[in-house]
Amino acid sequence: SQPRCTQPPTPSNNETVGCAAAGAYQLFAAPEMGEAPETVPPFPAELLGVYSCHGKKPSNHDEFSSLSKTNQDRGCVVFPFATHPRQAVFGVFDGHGRSGDVVSQAAMDEVLRLLDTELRGATPESVDFGAAMKRAFVGAHRHLRAAHGEHAYDSGTTAVVVLQRDD
């Protein structure tokens, strides 16, 4: 299968576009356990492993039954990132609450969009990478409250994001 290529998502533009489009990047999302990935990973399996698994919750049917929960986790690899051929972003977003899947997806999209905008064309001398990451998370938090208030009210996500760059 071909990589999913997308422009950095914005509230008004979250459609899939060709990789050659200006501002496009390749997003690899972790598949659900037992499913084939929708896109080709950017690194060989010997270098990059991904795994995602929904949980179980007790069923009201009987004490021995369980139901599959919605997978609220999101994981991504974006490489190359922000037009830099030796820069990648790795992220894990662990949603929780009634709308954890919506919140973790929206947080992932917004962190990537904000970080991409800030780092596009940046050099180590021109940007404080730690401060850029913090601004991306603070901006994503604000976006979630404003654009997804009903979901963000009683749900959330924790996240770990790594920016790897080899200059």
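1. **Ground rules.** The model is predicted: local features need pLDDT of at least 70, side-chain atom pairs count only at pLDDT 80 or more, and totals for chains, interfaces and linings use all residues. Residues are numbered from 1 along each chain as its sequence is written, and side-chain values use heavy atoms, with hydrogens and water left out.

2. **Fold.** The protein has three helices and seven strands. Helices (H or I, at least four residues) and strands (E, at least two) are DSSP runs, numbered from the N terminus. The order from the N terminus is β-β-β-β-β-β-α-α-α-β. Of the 167 residues, 34% count as buried. Buried means under 20% relative accessible area, exposed over 50%, and partly exposed in between (1.4 Å probe, protein chains only).

3. **Cis peptide.** F79 and P80 are joined by a cis peptide bond, with omega at about -10°. P80 sits in the loop between β5 (73-78) and β6 (87-97). Most residues other than glycine have a negative phi, and most peptide bonds are trans.

4. Which phi does A82 have? A82 is not a glycine, yet its phi is positive, about 55°. T83 is not a glycine either, and its phi is about 65°. A82 lies in the loop between β5 and β6, and T83 is found in that loop too.

5. **Salt bridges overall.** How many salt bridges does a search of the whole structure find? The count is five. The criterion is a side-chain nitrogen of Lys or Arg within 4 Å of a carboxyl oxygen of Asp or Glu.

6. **D154-R98.** The side chains of D154 and R98 form a salt bridge at 2.8 Å, N to O. This pair links distant parts of the chain, 56 residues apart. D154 is in the loop between α3 (149-152) and β7, and R98 is in the loop between β6 and α1. D154 is partly exposed, with a relative accessible area of 33%. R98 counts as exposed because its relative accessibility is 70%.

7. **R113-E110.** R113 and E110 meet through their side chains in a salt bridge at 2.7 Å, N to O. Both residues lie in helix α1, three residues apart, about one turn of the helix. R113 is buried at 18% relative accessibility. E110 is buried as well, at 5%.

8. **R120-D116.** A salt bridge joins the side chains of R120 and D116 at 2.7 Å, N to O. R120 counts as partly exposed, at 31% relative accessibility. D116 is buried, at 2%.

9. **Nonpolar surface patch.** V92, V160 and V162 form a nonpolar patch on the surface, with about 250 Å² of accessible area together. Patches take residues with over 30% relative accessible area and no salt bridge; like charges are joined within 9 Å, nonpolar side chains (Val, Leu, Ile, Met, Phe, Trp, Tyr) within 5 Å. Areas come from the Shrake-Rupley method with a 1.4 Å probe; for residues, only the protein chains shown count as cover. V162 is in strand β7 (residues 155-165), and V160 is found in strand β7 too. V162 is partly exposed at 42%, while V160 is exposed at 54%. The C-alpha atoms of V160 and D94 are 8.9 Å apart, although 66 residues separate them along the chain.

10. **Second largest pocket.** Its volume is about 240 Å³. A pocket is an open set of points on a 1 Å grid over the protein atoms alone where a 1.4 Å probe fits, with protein on both sides within 12 Å along at least five of seven lines; lining residues have an atom within 4 Å of a point. Grid points are joined across faces, edges and corners, and the volume is the space filled by probe spheres set on the points.

11. **Pocket lining.** The second largest pocket is lined by 16 residues, and V103, H141, L144, G156 and T157 lie nearest its centre. α1 (100-119), α2 (129-147) and β7 each supply at least two lining residues. The lining divides into 10 nonpolar, five polar and one charged. Here Ala, Val, Leu, Ile, Met, Phe, Trp, Tyr, Cys and Pro count as nonpolar, Asp, Glu, Lys and Arg as charged, and the others, Gly among them, as polar.
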